[in-house]
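I opened this notebook to keep track of what I looked up. The entries follow the order in which I went through the model.

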Amino acid sequence: MSKETGWTSPKSGAIVKRRQERGGRMHKFMRTVGFSMYQNKRDMDMLLKKLAAEAKIKQELADAGQSHAFCEIRAEMAPGMGVALAGEIDDDRNFTLEYYYPYVTSSELSSEAECSIQRHAEKETYAGMLDEYRVGISLIFYMENSVEFRRLKGRRGVKPRGVALTGLSVQGKVLLPVQKTKQQAENSKIAAKNRTKLLEAAKNGDEEAIETLTIEDIDLYSMVSKRIMSEDIYSIIDTSFMPCGVECDQYSVIGEIQKVERMKNYLTGEEVYNLALECNDMNFHVAINQKDLLGEPLPGRRFKGQIWLQGTVKF
């Protein structure tokens, strides 16, 4: 069973509605953008009313002959961080909320690899998939600019040219860096680039590349098996990017911190870390509430945690 409740905007006088489902739950990653104090659904509904009433409509889509248009509202809590509310708006400017999600954006391109986009089954949101050789797996992310894609997808010649990746985390810790000389760090980067080339060649059917990769994997397994007897696992593994759990857009990552930025949610006053990470020779940003991070993040140290991967596709 479901019901609708009316929300009145003090700015425009429009009625804002939200479909309330019995037994509905809050978004897990709202605490990432500074809303950790909202512990129950009633408080979250009150917050969404406030955000919907104060925020401005960022993008609107209307189909010819229809009285309702799909629109997205962005409530920005700090530059590049906030809550997106999506739903339908009618001719009388009455807005019905369908779904919401927290977001963090970045202007830095993380990957220019081939990207495919697929619609989710439940609602008209989209997931992107990157064939990223540097990570060694296909990266699946929640597409943060789905409304922009819906507006562009009917046009000719529109295709992804790159993706700016961000991650939202609700639990993480800071690890000390692996001690390396400058020469060792340079050798690691060269080895990573060579492996990327081999992976690309192997995908295109190069038998010599496949054989080389197989030998490298056997040697790597042998080396790790010997070192694990006397060393800590985090001194052997420098960075990692691995799928985590049953949801395809959540990953467990270990990445080197390149830059630390503090953001403050202007409504709650909670501080959020925006960490620029380098992981498997790929750069992206991860946001985490200060309350949820164990340790002090500094450039050169490493971040370890589980993230919900988002991406802004550049067209």
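**Entry 1: an exposed helix residue**

I began with K193. Buried or exposed? K193 is exposed, because its relative accessibility is 52%; the classes are buried under 20% relative accessible area, exposed over 50% and partly exposed in between, with a 1.4 Å probe and protein chains only. K193 sits in helix α3, residues 182-203. Helices (H or I, at least four residues) and strands (E, at least two) are DSSP runs, numbered from the N terminus. I then looked up D281: K193 and D281 are 88 residues apart in sequence, yet 8.5 Å apart in space, C-alpha to C-alpha.

**Entry 2: ground rules**

I noted that this is a predicted model, in which local features need pLDDT of at least 70, side-chain atom pairs count only at pLDDT 80 or more, and totals for chains, interfaces and linings use all residues. Residues are numbered from 1 along each chain as its sequence is written, and side-chain values use heavy atoms, with hydrogens and water left out.

**Entry 3: the whole protein**

I counted elements next: the protein has 5 helices and 16 strands. Of its 315 residues, 42% are buried. I also checked contacts, meaning heavy atoms within 4.5 Å. Among contacts with a separation of 6 or more, 59% join residues 24 or more positions apart. The protein exposes about 17500 Å², and carbon and sulfur atoms supply 49% of that. Accessible areas come from the Shrake-Rupley method with a 1.4 Å probe; for residues, only the protein chains shown count as cover.

I turned to strand β14, residues 282-289. How many of its residues are buried? The count is 7 of the 8, so β14 is largely enclosed by the rest of the structure.

Two strands pair if DSSP finds at least two bridges between them. Strand β10 runs parallel to β14, with 4 bridges joining them. I found L168 bridged to A287 in β14. Strand β13, residues 271-279, runs antiparallel to β14, and 8 bridges join these two. Here C279 has M282 as its bridge partner in β14. The hairpin of β13 and β14 has 2 residues between the strands, and N280 takes a positive phi near 55° there.

**Entry 4: two buried residues in contact**

I picked S169 in strand β10, residues 162-175. S169 counts as buried because its relative accessibility is 0%. What does S169 touch, leaving aside neighbours within four places in sequence? The contacts are F29, T32, V286, A287, I288, N289, F303, Q306 and I307.

I followed T32 from that list. T32 lies in the loop between β2 (15-21) and α1 (41-54). T32 is buried too, with a relative accessible area of 0%. Beyond its neighbours within four places, T32 contacts L168, S169, V170, V272, A287, I288 and N289.

**Entry 5: salt bridges**

I took a salt bridge as a side-chain nitrogen of Lys or Arg within 4 Å of a carboxyl oxygen of Asp or Glu. By this rule there are 16 salt bridges.

I looked at K153 and E124, which form a salt bridge at 3.5 Å, N to O. They link distant parts of the chain, 29 residues apart: K153 is in the loop between α2 (146-152) and β10, E124 in the loop between β7 (115-119) and β8 (126-132). K153 is partly exposed at 45% relative accessibility, and E124 is partly exposed at 24%.

Next came E132 and R134, a salt bridge with its closest N and O atoms 2.9 Å apart. E132 is buried at 7% relative accessible area, whereas R134 is partly exposed at 27%.

K291 lies in the loop between β14 and β15 (293-294) and E270 in the loop between β12 (250-264) and β13, so the pair ties together parts 21 residues apart in sequence. K291 is exposed at 57%, but E270 is buried at 7%. I also noted a network: salt bridges with shared partners join E72, R74 and E144.
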